[in-house]
Amino acid sequence: MGYTDQRFDVNLSILFTELPLLERPAAAAAAGFTAVELWWPWIETPTPAQEELDALKTALEDAGTQLVGLNFYAGQLPGPDRGAVSVPGEESERFNANINVAADFAASVGCKALNALYGNRVEGVDPAVQDELALKNLVVAAQAADRVGAILLIETLNKPESPLYPLVSAPAGIEVVDKVNEATGLGNAKFLLDLYHLAMNDEDLSEVIEKYAAKTGHVQIADKPGRGAPGTGELPLEELLDQLQKAGYQGFVGLEYKAADAAASFAWLPEEARAAK
């Protein structure tokens with residue numbers, strides 16, 4: 001057991017950000033990784049030109065990297081926004097315009113997991129209205145994901161860093177997962193279990209794993225405090241990932257941490273354990 005038994009992927013939206021997007025897959029490959037994930041790379045538009053999509057596909061393929069997770073359009077991320085599915089008006093429309101673009105791109109590169117960030121509470125809008133809109137949009141997203149053989153991920157964030165985001169506990173995320181699956185009958189909505197966010201919410205991580213491993217479709221990690229690489233903080237990440245594995249989780253673990261020097265930050269993981277099994 002331990003880190004060497006896991007399937008890791010590098011989040012190219014938080015690591016190697018000193019490089020242009022199209023150079024990041026090769027940088028991850030040079031560090032020994034074969035799997036990567038991305039937030040929606042085109043922050044300004046839900047519908048980038050086909051040439052831009054093709055260029056990213058080529059960069060992934062040329063580097064020999066497999067995209068294993070992709071966010072749908074999520075507004076200004078990084079930045080003030082935390083997704084668009086529950087935000088009425090233009091943002092919801094942009095999310096809808098993105099659904100098939102993201103799903104088709106995922107299909108073109110063999111990516112099997114699409115993450116839909118819920119969106120912040122909007123001042124002056126009834127939360128119930130936002131939740132109704134979110135469910136409607138997530139149903140369409142789940143259907144699009146299913147069309148390309150992918151799962152839809154619902155992510156819990158943390159309240160200190162995302163005070164307006166309503167899903168700041170594992171049960172809150174799971175509740176949305178269950179509602180989407182009930183509405184679609186597809187069963188392809190899953191929980192994105194981010195150990196850093198859950199720890200920032202002071203949740204009992206072992207208990208969350210025990211309760212929700214079966215509903216988990218993707219895992220992300222960073223140490224706490226600081227959101228740095230494993231070993232820079234206080235979280236027993238190796239033990240927690242072992243517990244997840246014992247509970248039946250066999251998916252990828254996304255490295256979604258901050259590092260001034262990404263290549264140097266992987267010292268905690270032996271080079272021979274970096275290629276996805």
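The model is predicted, so local features need pLDDT of at least 70 and side-chain atom pairs count only at pLDDT 80 or more, while totals for chains, interfaces and linings use all residues. Residues are numbered from 1 along each chain as its sequence is written, and side-chain values use heavy atoms, without hydrogens and water.

A pocket here is an open set of points on a 1 Å grid over the protein atoms alone, where a 1.4 Å probe fits, with protein on both sides within 12 Å along at least five of seven lines; lining residues have an atom within 4 Å of a point. The largest pocket holds about 350 Å³, a volume being the space filled by probe spheres set on the points. Its lining has 26 residues, and Trp39, Leu77, His197, Arg227 and Glu256 are the closest to the centre. Strands S2 (35-38), S3 (66-71), S5 (151-155) and S7 (216-221) each give at least two lining residues; strands are DSSP runs of E, at least two residues, and helices runs of H or I, at least four.

The second largest pocket has about 190 Å³. Of its 14 lining residues, Tyr118, Asp131, Leu167, Val176 and Lys179 are closest to its centre. Helices H4 (127-147) and H5 (170-184) each supply at least two.

In S7, 6 of 6 residues are buried (under 20% relative accessible area, 1.4 Å probe, protein chains only). S7 pairs in the parallel sense with S6 (189-194) over 4 bridges, pairing requiring at least two DSSP bridges. Another 3 bridges join S7 to S8 (253-255), also parallel, with Ile221 opposite Leu255.

Terms used: Buried < 20%, exposed > 50% of the residue type's maximum accessible area, 1.4 Å probe, protein only.
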